[in-house]
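Work through the exercises below with the sequence and the model side by side. Try each task before reading its solution.

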Amino acid sequence: MSTAILKSAAKRLGTAREAISKAMLVPVVAVMASPAMAALPTMPTPGTGIGGAAVADGDWLAAMGAWWKQGLTILAMIFVGYFFLKVVMGAVGKWGDYSKGRADIADLKEYVITGSVLAIALVILATYAMTTLE
């Protein structure tokens with residue numbers, strides 16, 4: 001009989017200990033789930049908006065235009081970089097064909113010259129497109 005009482009008391013003590021440990025975790029979880037208390041820095045707006053006008057503080061429309069302009073510039077540079085890599089990899093592939101005897105030197109020269117002219121033309125077009133936004 002006394003062992004049954006001891007087992008019951010130990011069981012109640014275990015559940016009480018578990019409840020206390022869960023209750024002690026509540027403040028820790030509340031602190032970890034709260035938002036950051038640090039003051040985050042503000043992002044600076046790009047220098048000029050569309051049309052070349054300077055962006056004033058609080059002018060959200062001009063700031064959106066400046067961000068749009070910067071986004072288009074980054075997109076154009078990504079496109080130019082991708083095209084440049086395609087030209088270079090094509091030239092490397094053509095060199096591989098030449099070294100295996102499947103292409104002659106005229107094909108290699110033609111590819112390099114044409115790829116160079118197209119890459120330069122693409123850079124010029126992207127630069128012109130970005131200057132028209134100013």
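**Exercise 1.** How many salt bridges does a search of the whole structure find?

*Solution.* Start with the ground rules. This is a predicted model, where local features need pLDDT of at least 70, side-chain atom pairs count only at pLDDT 80 or more, and totals for chains, interfaces and linings use all residues. Residues are numbered from 1 along each chain as its sequence is written, and side-chain values use heavy atoms, with hydrogens and water left out.

Next, apply the criterion: a side-chain nitrogen of Lys or Arg within 4 Å of a carboxyl oxygen of Asp or Glu. The search finds one salt bridge. Its partners are Arg-102 and Asp-97, at 3.1 Å from N to O.

Now check the surroundings. Buried means under 20% relative accessible area, exposed over 50%, and partly exposed in between (1.4 Å probe, protein chains only). Arg-102 has 60% relative accessibility, so it counts as exposed. Asp-97 has 26%, so it counts as partly exposed.

**Exercise 2.** Find the secondary structure of the protein chain, then judge its overall form.

*Solution.* The chain has three helices and zero strands. From the N terminus the order is α-α-α. The radius of gyration is 34 Å, well over the 14 Å that the globule rule gives for 134 residues, so the chain is more spread out than a compact globule. That radius is taken over C-alpha atoms, and the rule is 2.2 Å times the number of residues to the power 0.38.

Along the principal axes, the C-alpha atoms fill roughly 105 × 55 × 15 Å. Of the 134 residues, 15% count as buried.

**Exercise 3.** Compare the span of helix α3 with its expected span, and list its buried residues.

*Solution.* Helix α3 covers residues 105-132, which is 28 residues. The expected span is 1.5 Å times one less than the number of residues.

Buried in α3 are Leu-108, Gly-115, Ala-119, Leu-122, Ala-126 and Met-130. Their cover includes α2 (60-100).

**Exercise 4.** Where is confidence lowest, and where is it highest?

*Solution.* Read pLDDT, the predictor's confidence in each residue, from 0 to 100. The chain averages 83, and 90% of the residues score at least 70. Helix α1 (residues 2-33) is lowest, at a mean of 72, whereas α2 is highest, at 91.

Terms used. Helix = DSSP H or I, 4+ residues; strand = E, 2+ residues; numbered from the N terminus. Contact = heavy atoms within 4.5 Å.
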